[in-house]
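Good morning, and thank you for joining this group meeting. I would ask you to keep the sequence and the structure in view while I speak.

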Amino acid sequence: MQFPARLAAAALALLAFFSPARASEPMDGSFVASRSCEALLSIRRATNPGNVTTAPGRSYQLLAKNKKKPTHYRIEIPGATPPERWVAADCGKVAPGAAKQAAPAPAQPKPVALSYVLALSWQPAFCEANPGKRECRRQTAARYDASYLSLHGLWPQPSSLAYCNLSPAVRAAGEGGRWHDIPPVELSLSTRADLEQMMPGSQSMLERHEWAKHGSCYPADAEAYFRDSFRLMKEINASPVADVFRRNIGRRVTANDIRAAFDQGFGAGAGNRVRLACRDDGDRRLIAELTIGLKGDIPGGSKLSDLILAAKPVAPGCPAGFLDPVGPQ
């Protein structure tokens with residue numbers, strides 16, 4: 001009978017040794033690892049069951065620090081046994097959670113007539129520079145974005161209007177390119193289906209970034225934000241603008257050609273609200289993106305032609321470029 005008693009006492013001592021409550025201060029937020037570091041079960045004993053390490057650039061849930069001026073942070077590492085581990089403080093950076101921050105200022109009332117930029121990409125040119133992206137590895141000549149402009153985003157203006165009423169942790173994830181750390185966007189099945197077709201970058205979670213940075217400042221919810229974006233984009237892809245792109249794949253197109261197509265489809269002067277962006281690929285200059293100025297009540301259903309003509313004229317940008325076909329050239 002004495003052996004079980006001694007065993008129980010030893011177990012209690014071991015539990016006290018590993019208990020974080022006695023020597024740690026709870027924290028909220030995330031820890032972003034800058035390099036690979038050992039994830040310790042015990043700082044004192046330097047034990048690391050499973051030889052677990054942090055992954056550079058990955059964000060982990062932050063649980064505690066070991067002292068006021070910490071040498072180590074306690075984080076949760078999914079898949080580790082046990083998952084709660086200590087990592088050296090100089091292994092990365094702390095992004096505080098929303099619960100530890102001052103409450104954000106109330107959203108400012110938004111006027112009915114806001115200014116926007118609608119950004120549409122030519123996906124084959126994007127994939128020429130980013131062949132490893134999931135959406136680019138899967139692109140084929142039969143896919144929608146091989147022949148039509150794709151949605152990059154709808155951006156309320158001025159450009160300083162971003163991450164409205166979101167936590168510092170979400171903003172840090174967006175600005176750091178850690179889109180997997182931005183909460184998923186709640187959308188209906190039909191909107192999600194349109195997203196997969198018209199925003200191929202959603203395969204790399206582009207929709208999370210666009211909603212967090214720009215959509216959070218839109219005067220409607222995420223469902224309306226993407227549905228309105230698709231409405232405008234579909235109208236352009238059903239206009240003479242799309243004809244210019246489809247007819248000239250593999251050829252050189254000028255900004256004047258594209259602007260003239262906007263005039264034809266949306267009224268005289270519409271082309272003056274369109275800017276062409278190009279990127280150099282060796283000795284070729286590729287058409288990469290169109291940005292179209294808009295002004296008016298988009299959630300209210302204003303016509304695209306009215307939205308374009310109400311915006312301010314802009315410089316044409318890139319004078320001409322090559323319309324890249326699908327696949328490496």
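The buried residues of helix α4 pack against α6. Please bear in mind throughout that this is a predicted model. Helix α4 covers residues 168–175, and its buried residues are Val170, Ala173 and Gly174. Around the helix axis these three span an arc of only 100 degrees, which places them on the same side of α4. After α4 comes glycine 177, with a positive phi near 75 degrees.

Methionine 205 is not a glycine, although its phi is positive, at about 70 degrees. With a relative accessible area of 29%, this methionine is partly exposed.

I turn now to α6 and α7. Two packed helices are described by the angle between their axes and by the distance between those axes. For α6 and α7, the axes come within 11 Å and cross at roughly 110 degrees. Helix α6 is therefore roughly perpendicular to α7. Which residues meet here? From α6 there are Glu207, Glu210 and Trp211, and from α7 there are Ala222, Tyr225 and Phe226. Sorted by class, the residues of this contact are four nonpolar, no polar and two charged.

In the pair of tyrosine 225 and phenylalanine 226, the ring centres are 5.0 Å apart and the planes stand at 75 degrees, so the pair is edge-to-face. Both residues also belong to one aromatic cluster, formed by Tyr116, Trp211, Tyr218, Tyr225, Phe226 and Phe230. Trp211 in this cluster is also one of the α6 residues in the contact with α7.

A further helix pair is that of α8, residues 240–247, and α9, residues 255–266. Their axes are 7 Å apart, and the helices pack at an angle of about 145 degrees. On the α8 side, the contact is made by Pro240, Val241, Val244 and Phe245. On the α9 side, it is made by Asp257, Ile258, Ala261, Phe262, Gln264, Gly265 and Phe266. The classes in the contact of α8 with α9 are eight nonpolar, two polar and one charged.

Proline 82 is placed in the loop between β4, at 72–76, and β5, at 84–88. Another cis peptide bond runs from glutamine 157 to proline 158, with omega near 5 degrees. Proline 158 belongs to the loop between β8 and α4.

Asparagine 51, a residue other than glycine, has a positive phi near 50 degrees. Its place is in the loop between β2, at 29–33, and β3, at 59–65. Is asparagine 51 buried or exposed? It is exposed, with a relative accessible area of 63%.

Finally, I come to the chain as a whole. The secondary structure of the protein chain consists of ten helices and twelve strands. Of its 329 residues, 43% are buried. Among contacts between residues at least 6 apart in sequence, 68% join residues at least 24 apart.

Thank you for your attention.

Terms used: Residues are numbered from 1 along each chain as its sequence is written. This is a predicted model: local features need pLDDT of at least 70, side-chain atom pairs count only at pLDDT 80 or more; totals for chains, interfaces and linings use all residues. Side-chain values use heavy atoms; hydrogens and water are left out. Axes are lines fitted to C-alpha atoms, for helices over the stretch in contact, and angles run from 0 to 180 degrees between N-to-C directions. Helices (H or I, at least four residues) and strands (E, at least two) are DSSP runs, numbered from the N terminus. Angles under 35 degrees count as roughly parallel, over 145 as roughly antiparallel, 65 to 115 as roughly perpendicular and the rest as oblique. Contact means heavy atoms within 4.5 Å. Ala, Val, Leu, Ile, Met, Phe, Trp, Tyr, Cys and Pro count as nonpolar, Asp, Glu, Lys and Arg as charged, and the others, Gly among them, as polar. Rings of Phe, Tyr and Trp (its six-membered ring) pair if their centres lie within 6.5 Å; planes under 30 degrees apart count as stacked, over 60 as edge-to-face and the rest as tilted. Buried means under 20% relative accessible area, exposed over 50%, partly exposed in between (1.4 Å probe, protein chains only). The arc is that of the directions from the helix axis to the C-beta atoms.
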